[in-house]
Amino acid sequence: MKKIIAAILTVVMICALLSTCAFAEDKIKIGISMPTFAEERWSIDEAAMKAHCDELGIEYVTACAEGDSNKQKDQVSTMIMQGIKALVIAPNDGNAAAAIVEECKEAGIFVISYDRMITGTSDLDMYITFDSWYQGQLQGKYIADNLKEKYGEVKGNIVILHGDPGDSCAPLYYGGAYEQIAEYVDAGAINVISDNDCIGWDPAQATKHVENAMSIADAKGIVIDAVLSPNDGLASGAIAALGDDLAKETFITGMDCEVAACQRILAGTQSMTVFGDSREMGKVAVDIAAEFVKNGKYDTDKTMEGTDADGNPIDVPAVLVTCEFIDANNMNVVYESGYHTEAEILG
């Protein structure tokens, strides 16, 4: 009898062990790699992803590259050693991150490029982003509409700020915005005083470029009517150069709906921002990663243009998240979404 009981206990222990091993194998573990927390939205995104992982019972490891592409690569290498099955990565530099994709694919890890396209690789599994072209269109249209209201026709002097050239979204923001003003620039009605990249999305670069534009404008005896800024951080740099009084007389665009930007909009120093609820994008990114781990695929009928290792254009499977225009007249949209509370913005 003792032998029978011992045999039964052995079988039970083996079954329990097998069950535990099976559970461990089925457990989803993902990596979340952010480029920086210097811009508020990235910390909001990461928090939303972590909360959604907790809700779904997904293990995760996270890291922030602090604006350093080499650091981001090292951090992902560590994640691979920690056993991640999928990576959600907002690349610090889209082209440099191709090496990260290659390392992940060698380890059998799915890669979801988050908000910024990773270029120079054919191995990207998915790209999730806001509709960057549309975001730019909202900014360009705002400037055209307000110049028309100011002068009775679309004309004036503008400063154009670009994002970081290593960010694949930057030319899309610009392309969508410029589409709205191109005919007026070509006709000479809109005068572009200066047109510059802002390396690393650094607000100090925006300040420098706008200060230079102010010197040019003073020398020519003209005013700066508008600053086409692709995000709130660069808008803050532009406002620092102009000062509050001039900023209130200038149409200044933005994007990301940062708390400080919402406060500037209500104060009248920044004109508008583009609100995409990055919390929702973060949740969808986690869902995509989990689906890849479970089923090896994620179905989408959208694509965005990327490039392969030779720089040739390729179609990358994509998921596009909606966004909307925000100014002082509809700030309630932000409050009601819970992205920021009224108390946060009004203090």
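This is a predicted model: local features need pLDDT of at least 70, side-chain atom pairs count only at pLDDT 80 or more; totals for chains, interfaces and linings use all residues.

Trainee: Why is helix α8 called roughly parallel to α9?

Mentor: The axes of α8 (residues 232-248) and α9 (residues 259-267) cross at roughly 25° and come within 11 Å. Axes are lines fitted to C-alpha atoms, for helices over the stretch in contact, and angles run from 0 to 180 degrees between N-to-C directions. Angles under 35 degrees count as roughly parallel, so α8 is roughly parallel to α9.

Trainee: What makes the contact between α8 and α9?

Mentor: Contact means heavy atoms within 4.5 Å. Helix α8 contributes Asp232, Ser236, Ile239 and Lys248, and α9 contributes Ala261, Arg264 and Ala267.

Trainee: What makes β2 and β11 edge strands?

Mentor: Two strands pair if DSSP finds at least two bridges between them. The open sheet of 7 strands has the order β2-β1-β3-β4-β5-β12-β11, with mixed pairing. Both β2 (59-64) and β11 (302-307) pair on one side only.

Trainee: How do you know that β8 and β9 pair?

Mentor: DSSP must find at least two bridges, and 2 bridges join β8 (residues 226-228) to β9, the two running parallel. Ala226 stands opposite Phe251 in β9. The sheet concerned is open, with 4 strands in the order β7-β6-β8-β9.

Trainee: Which helix packs on that sheet and touches β6, β7 and β8?

Mentor: Helix α6 (residues 170-186) does, and its direction makes about 150° with that of β7.

Trainee: Why is the pair Arg41 and Asp115 called a salt bridge?

Mentor: The term requires a side-chain nitrogen of Lys or Arg within 4 Å of a carboxyl oxygen of Asp or Glu. The closest N and O atoms of Arg41 and Asp115 are 2.8 Å apart, so the pair forms a salt bridge. Arg41 lies in helix α2 (residues 40-56) and Asp115 in the loop between β4 and β5, 74 residues apart. The whole structure holds 12 salt bridges.

How values were computed: Residues are numbered from 1 along each chain as its sequence is written. Side-chain values use heavy atoms; hydrogens and water are left out. Angles under 35 degrees count as roughly parallel, over 145 as roughly antiparallel, 65 to 115 as roughly perpendicular and the rest as oblique.
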